[in-house]
Amino acid sequence: MLDKEDLTIGRIRDVVILPGAGKEPPRALGLVVTLQRRRIFVNLGQIAEISVDGAHLHGGAVDLERFTRRTGEILASELYGQHVEDGTVVDVAISPSEQRRVGWEVSALAISHGRSLLHRGPEVVPWDRHPELFKTDPLGEQLAELRELQPADLATAVEGLPPTRRSQIAAALEDEQLADLLEELPEQDQVRLLASLGLERSAGVVEEMQPDDAADLLAELPDEQRERLLTAMETVQAEDLRRLLRYGPKTAGGLMTSQPLIVTPDTPVAEVLARIRDPDTPVTAAAQVYVCEPPMVTPTGRYLGTVGFQRLLRRAPSVLAGQCVEARIFVRPDLPERDLAARIAAYNLVSVAVCDEDGRLVGAVTVDDVLDHLLPANWRRTGG
């Protein structure tokens, strides 16, 4: 394993595989890497390239928590030596997925036919010549199917499961996937599912949630449980959520996210568009950016206005964001949600800035957040 400077930081020991749903190829989720005698998991989404030199990281930090295999996962090393109809498995090939926009999948197997003089080396065959190698238990098969669903559809499917199976599915999902699921569930179901996890896992999942959704979930917990969870979280994220929890749930402050896309006025358009293109940025958050004086984290310096991505596309890459500001519409944190909805509708906004009395940006409310609160509690079952 090589960092972005091509310095060795660990040794690859295994590949974590998840069986595909139906006839889909098995997914390669990540690598098991030995780092200072500790086996850790590195998601393949963090890998820029795999070459004869090794796996090259995009950059950034890796999670140093010890690797533990989850329900339904298969290790490539477990396939080595498996006997199949035409020989023995000696290697597994993975490649970037052809069907998914991002991700890796198992593409082929190397099959040895023994030491016969007629066969000088293993034969490389498609993975689906031996699909039985990737079969797992019923829970693993169900998990493979659920992981292919969009978060809203996954929430609908999980809601129909018995409580025990829900807990099993939650334990098997990655933190980011479980966070996406929780954001789509009714708040009482979120609380029940979170209660089935340990404190450390719960803290990790809440950290992956959008701040406004995480604050809504924490507001439903008993005071003592909420405080334990916040104490177990990263300090910066915990403080961010504590600030959001000060606002009433039916106000702009209670609905806002504290992490909109924020840029300084001297940021070139090319850099702003690069941030918008980040696949991890929610669609509604990518629709417009907020131009503020430093600092760039909420509460920011003086709020200067917003720029929609369409306007950015029409400007030269070298133009500065401060020269593209379209409007300086904002609301106060204590604005009631119905007045907030009326303001968004009146100005045809996809999101609106929330500023404090000093003119600093403290967050932003997107139109989907408003709809989630104004629609009936059971809207997902009746019309979603």
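Two strands are taken as paired if DSSP finds at least two bridges between them; strands (E, at least two residues) and helices (H or I, at least four) are DSSP runs, numbered from the N terminus. The structure is a predicted model, in which local features need pLDDT of at least 70 and side-chain atom pairs count only at pLDDT 80 or more, whereas totals for chains, interfaces and linings use all residues. Residues are numbered from 1 along each chain as its sequence is written, and side-chain values use heavy atoms, with hydrogens and water left out.

By these criteria, strand β4 (residues 47–51) runs antiparallel to strand β5 (residues 54–57), the two being joined by four bridges.

The chain as a whole contains 17 helices and 16 strands. Its C-alpha atoms fill a box of roughly 80 × 50 × 40 Å along the principal axes. Of the 384 residues, 45% are buried, where buried means under 20% relative accessible area, exposed over 50% and partly exposed in between (1.4 Å probe, protein chains only). Contact is defined as heavy atoms within 4.5 Å. Among contacts in the chain with a separation of 6 or more, 55% are between residues 24 or more positions apart.

One has the order β11-β12-β13, with mixed pairing. Its edges are β11 (262–263) and β13 (303–308); each has a single partner strand, so one side of each is left without a neighbour in the sheet. Strand β12 (residues 288–292) pairs with β13 in the antiparallel sense over five bridges, and Y290 stands opposite T306 in β13. Another open sheet is ordered β14-β15-β16, and its pairing is mixed. Strand β15 (residues 351–355) and β16 run antiparallel and are joined by five bridges; S351 stands opposite T366 in β16. In a regular strand, side chains alternate between the two faces of the sheet.

Helix packing was described with axes fitted as lines to C-alpha atoms, for helices over the stretch in contact, and with angles from 0 to 180 degrees between N-to-C directions. Angles under 35 degrees count as roughly parallel, over 145 as roughly antiparallel, 65 to 115 as roughly perpendicular and the rest as oblique. The axes of helix α3 (residues 151–159) and helix α5 (residues 175–184) come within 8 Å and cross at roughly 75 degrees; α3 and α5 are therefore roughly perpendicular to each other. The contact involves P151, A152, L154, A155 and V158 of α3, and D180, L181 and E184 of α5. These residues comprise six nonpolar, no polar and two charged. For this division, Ala, Val, Leu, Ile, Met, Phe, Trp, Tyr, Cys and Pro count as nonpolar, Asp, Glu, Lys and Arg as charged, and the others, Gly among them, as polar.

For helix α7 (residues 199–208) and helix α9 (residues 223–232), the axes come within 9 Å and cross at roughly 75 degrees, which makes α7 roughly perpendicular to α9. On α7 the contact is made by L199, S202, A203 and V206, and on α9 by R228, L229 and A232. Five of the residues in the contact of α7 with α9 are nonpolar, one is polar and one is charged.

A nonpolar core is a set of buried Ala, Val, Leu, Ile, Met, Phe, Trp, Tyr and Cys residues joined through side-chain atoms within 4.5 Å. The largest such core has 49 residues, and those with the most contacts inside it are L178, L181, L241, L340 and V365. Leaving aside neighbours within four places in sequence, L178 is in contact with A170, L173, L193, L197, R201 and V205. Another core, of 28 residues, lies apart from it and includes A28, V42, V89 and L109.

W104 lies in strand β9 (residues 104–112) and counts as buried at 16% relative accessibility. Not counting residues up to four places away in sequence, W104 touches R27, A28, L44, I50, I94, S95, P96 and S97. R39, in strand β3 (residues 38–43), is partly exposed, with a relative accessible area of 37%.
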